Each structure stands twice: as structure tokens, then as C-alpha cells.
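Biologist: Can you bring up the model? I have some questions about how it packs.
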Amino acid sequence: MAASTVSGLAGATLARRPAFSTGFTTGARVSARNPLMTRNLERNGRITCMTFPRDWLRRDLNVIGFGLIGWIAPSSVPAINGNSLTGLFFSSISQELSHFPSPPALDSPFWLWLVTWHLGLFLALTFGQIGFKGRTEGYFDK
């Protein structure tokens, strides 16, 4: 086999040489290395990040339980023309289920009670999470 030249940038000629070493072509395994992966990042077969905590959500069933009670109790107070928000929401569910295959109409009061009830629930859960975890982790200590 004759040695040939390869034309490089700006017309310069480069000598042709093998792209890989002979060890690679005879069956030696080469694996790519990820510079972000090190031995100390592997824990129980999982890759973890040292700067971002794995339990960032820090969920606690106490928050969910107390948050549900903290929202259902005040939303069950009959304050809307003698009805409670929870009662209106659940009665609108039963009214919409009476004609089940067809969806609720856009002007149905179901949508107002659905959005209002869930917005209040999510706010209660969010503030409960902030308050409970803030107290246990000492954010509010002076």
C-alpha cells in the first residue's frame, strides 16, 4: 500500500496515519469517560449530585394530613348562602355525574367550585409545607 497525503486546511498537506491505535483494532475495549461522573457520586448504584439535595421536596405526611384538615374544615363552614364551598363542590360533582358521558358545560358552576376549592387546597398545602418545614429546620428562629 502506498502512502498517500491528505489535503488539510489552507492547502497544507498532511501525512496519512491510522486514526486508531493497533490495540483498538485488535479488540481492546475503550469506554468513553464522563468528566462529571466520579466514584464518590455513586451511591447504591444511583448517580447523585452533591450540590443539589436528593430530597429537595422534603415531603412529609404530617403536612399533607394537617393541610387537608386545615382546608376541609374552613371550607366546610356554611358561608355561601347557607352552603359551604365543599358542599357546593361535591353537589356539583354529583349533578355533573348524573349525565356522565357528556362533559360539564363551560358555564356550569362546577368549574367555579372546582377551581376555587382546589386553589384553596393547594394554598393550604403550600403554606403548610413552608410553615412546618420552616419551623422544623429553624428558619423562623431569631
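Biologist: Is the crossing of α2 and α4 left-handed or right-handed?
Modeller: The crossing of α2 and α4 is right-handed. Right-handed says the near helix is turned clockwise from the far one by less than a right angle, and left-handed says anticlockwise. Before we go on: this is a predicted model, where local features need pLDDT of at least 70, side-chain atom pairs count only at pLDDT 80 or more, and totals for chains, interfaces and linings use all residues. Residues are numbered from 1 along each chain as its sequence is written, and side-chain values use heavy atoms, with hydrogens and water left out.

Biologist: How many helices and strands does the protein have?
Modeller: It has four helices and four strands. The order from the N terminus is β-β-α-β-β-α-α-α. Both kinds of element are DSSP runs numbered from the N terminus: helices are H or I with at least four residues, strands are E with at least two.

Biologist: Back to α2 and α4. At what angle do the axes cross?
Modeller: Roughly 135 degrees, and the axes of α2 (residues 61-75) and α4 come within 9 Å. That makes α2 oblique to α4. The axes are lines fitted to C-alpha atoms, for helices over the stretch in contact, with angles from 0 to 180 degrees between N-to-C directions. Under 35 degrees is roughly parallel, over 145 roughly antiparallel, 65 to 115 roughly perpendicular, and the rest oblique.

Biologist: Which residues in α2 meet α4?
Modeller: From α2, Asn62, Val63, Ile64, Gly67, Leu68, Trp71, Ile72 and Ser75. Their partners in α4 include Thr116, Trp117, Gly120, Leu121 and Phe132. Contact means heavy atoms within 4.5 Å. By class, there are 10 nonpolar, seven polar and no charged residues. Here Ala, Val, Leu, Ile, Met, Phe, Trp, Tyr, Cys and Pro count as nonpolar, Asp, Glu, Lys and Arg as charged, and the others, Gly among them, as polar.

Biologist: And where is Asn62?
Modeller: Asn62 is in helix α2. Its relative accessibility is 38%, so Asn62 counts as partly exposed. The cut-offs are under 20% relative accessible area for buried, over 50% for exposed, and partly exposed in between, with a 1.4 Å probe and protein chains only. Leaving aside neighbours within four places in sequence, Asn62 is in contact with Gly67 and Phe132. Asn62 and Phe132 are 70 residues apart in sequence, yet 8.7 Å apart in space, C-alpha to C-alpha.

Biologist: Now α3. How does α3 pass α4, left-handed or right-handed?
Modeller: α3 passes α4 in a left-handed crossing. The contact is made by Leu85, Thr86, Leu88, Phe89, Ser92, Ile93 and Glu96 of α3, with Phe110, Trp113, Leu114, Thr116, Trp117 and His118 of α4. These divide into eight nonpolar, four polar and one charged. The axes of α3 (residues 85-97) and α4 (residues 109-136) come within 9 Å and cross at roughly 135 degrees. That makes α3 oblique to α4.

Biologist: Which residues make up the largest nonpolar core?
Modeller: Eight in all: Trp71, Leu85, Leu88, Phe89, Phe110, Trp113, Trp117 and Leu121. A nonpolar core is a set of buried Ala, Val, Leu, Ile, Met, Phe, Trp, Tyr and Cys residues joined through side-chain atoms within 4.5 Å. α3 and α4 each supply at least two residues of this core. The largest share, four residues, comes from α4.

Biologist: What does Trp71 touch?
Modeller: Not counting residues up to four places away in sequence, Trp71 touches Leu85, Thr116, Trp117, Gly120, Leu121 and Ala124.

Biologist: How much of the whole protein counts as buried?
Modeller: Of its 142 residues, 15% count as buried.

Biologist: Switching to the loop between α2 and α3. Is Ser84 buried or exposed?
Modeller: Ser84 is buried, with a relative accessible area of 13%. Ser84 lies in that loop. Among the residues it touches are Ser75, Val77 and Pro78.

Biologist: What about the phi of Asn81?
Modeller: Asn81 has a positive phi of about 50 degrees, although it is not a glycine. Most residues other than glycine have a negative phi. Asn81 is in the loop between α2 and α3. Asn81 is exposed, at 79% relative accessible area.
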